[in-house]
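Student: Can we go through this structure together? I'd like to start with one residue and then zoom out.

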Amino acid sequence: MKILVISTAIFPVSPENRYAGIETLVRLISNELKDRGHQVSLVAPQGSRLPKGIEHINTGSCGDFVESERKAYWIYSSRLQEFEAILDFSHSHWCMMENDLPAVAFIWHDPYIMKPQEPRYNICALSQWQANRFRHIYGYQAKVVDPHCGHPGELKPAKGSFLFLGRMGPQKGCLEAIDICHELGVSLDIIGGSGPGDPPEYLAKVEEGCHSGVVYQGEVDDSTKIAFLEEARALIYPINYPLGQGEAHSHKIVDTLLCGCPVVTYTTGAFPEIIEHEVTGFLANDREDFKQLMMKVDSLDRRLIREKAVERWSVEATVNRLLEVMDNVASGVRWGNIARGPTIIRPSAPAAAGYIKYTLQEYPRQIRLDTINQCNAKCIPCHLNFQLRQHGKMSMKLLKKILNEVKAWDKPPEEVVPVNFGELFMLKNWHELLKLIEEKLPRTKIALPTNGSLLNDDTVRKLASVSTLKWVNFSLNAFFKETYEAFTGLKAETVDKVKKAIVMLHSMRPDITTCASMIFDTNFQTEMERDLFIEFWRPLASIVSINPAAYCNSPLGKYLIPVKTACRSISDGLTVLYDGRVVTNCCWDADGLLEIGNANEESLLDIWKGGKLNALCELHNEGRRDEVTLCFNCTFA
């Protein structure tokens, strides 16, 4: 069989890898397939060292698992039709998004925590626990096919020390392992280092705890790791995930069992599927149970542990599983959400016949007021998270100056937005501020964006008392509780506050338009979650808005989409920052980089008709937006 194996873009595939679990599996499986007479090609970054006889499709330098894997896809995509079967071990699964292929895709994450867009067919889960969660989040089937494997270690008697192996991060539980061993008075070896996102202070605390028989061995190569596992009394893994979360499988547990070494951990995630309680290790319910079970590990049969592990996870056994699946997909078998067919969401650039230009009108349509540039949420795609300017609040003196100026215009603006990047309800005088806008600009509607977390019945009643308030946008961004809390940094109870607020507003002020909005990012929400969000909010809110995160100059680093039109935001209105500086209405300029004047020194109308704004508009209208740093990668139009 002619087989394509796709590795990740994070690490090269090499015998020298340390803790690169997926890449190690790719190397072992590819070599076994080759030894069985199959013709194997392997997609992997430069620096990979492959066994002789395996073709290396070099995808260039290593990088992140989204953008680098997308770039890799364009390198190997022209060859996809050559292969009878494809094993996709990558994180992003680009090849299966756009094509119906004889392929399977392995998912490595807990679907409740990470929700990237996945192919609609032939998903392989690492465990039944993961498959169940995948079905709940994505709405279609993932078949359980365990790709974990390794070579059995040498059977040796334990030498007395327990072992912790893993990243130095809070969820992995190294500090808990140290505390437990100190409490029991037993020795412990620690192997591992900090990974991406692990706080450096955690490793420092680990090193501080290394005394009285606890030794930090640092990062070691694979052969040294195996040597420790062969002689460890047991691997202890007191993981510290939030309630309801866990791991879909574990490379380290498989390696441990293949050495005949027992494992002590908790009954979380997929671990009950991996560890046979009281045979290959122990599954504890709580910390005290964990400590008691640690002292029973010497009663377990290390030879039996290894025999069971070899039967299940030897390279030969794993490749047998994979070949059965590959034979099926090569003959046309598909599972999952097949009816809808494979596709990928790619927000398009605005369709335009020719090049659209925008002309500055005599007066701005919209005025934005940066009354506060702080927010109690931490929404992932929001540029406020990357803001460099200092936090501040607009003075009432400046606000009154602005409103008095605008009041004198022959044509009032259609809309005032009383906050730019921030949460208005963090201001104690928010109601006074809105009533002042109502008084000064009675013919201008107020449009208010909020996350809704600070709302209560009294707040809603005060909102309803502002007669010119005509639009309230609630930034919600998720349907599932887990996504909401991860995406926004707020408690999921906020959703109930928003539901109640919408009902109250519609009852007291039927003229107010309410909007439930989602920034849709396929790294965090699935199409199913988006559809459930629409279904849930449609009967409640006046409008449900889904905005793709990929069209803008986003800090999430989305791929570039060519734009063939000027940006309408810069010719739509003005934004006055809390310190009086005036910028365009660019919806991503959290730092005020596109400064065009200062309301403390000039009138807003002079700034609107001034040279800086006109020059910026001209650059866009001439197709030269890439000369503006902030506009270079932005595709909003």
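Tutor: Here is a short chat about one residue and then the whole chain.

Tutor: This is a predicted model, where local features need pLDDT of at least 70, side-chain atom pairs count only at pLDDT 80 or more, and totals for chains, interfaces and linings use all residues. Residues are numbered from 1 along each chain as its sequence is written, and side-chain values use heavy atoms, with hydrogens and water left out.

Student: Where is Ser-90?

Tutor: Ser-90 sits in the loop between β4 (85–88) and α3 (94–97). Helices (H or I, at least four residues) and strands (E, at least two) are DSSP runs, numbered from the N terminus.

Student: Is Ser-90 buried or exposed?

Tutor: Ser-90 is buried, because its relative accessible area is 4%. Buried means under 20%, exposed over 50%, partly exposed in between (1.4 Å probe, protein chains only).

Student: Which side chain has a polar contact with the one of Ser-90?

Tutor: That of Asp-88, at 2.6 Å. The Ser-90 side chain also reaches the backbone nitrogen of His-93, at 3.1 Å. A polar contact is a pair of N or O atoms within 3.5 Å; within protein, one must be able to donate a hydrogen and the other to accept it, and residues adjacent in sequence count only if both atoms are side-chain atoms.

Student: What else does Ser-90 touch?

Tutor: Leaving out residues up to four places away in sequence, Ser-90 touches Ile-6, Ser-7, Thr-8, Glu-69, Phe-106 and Trp-108. Contact means heavy atoms within 4.5 Å.

Student: New topic. How many helices and strands are in the protein chain?

Tutor: 20 helices and 22 strands. The chain has 637 residues, and 56% of them count as buried.
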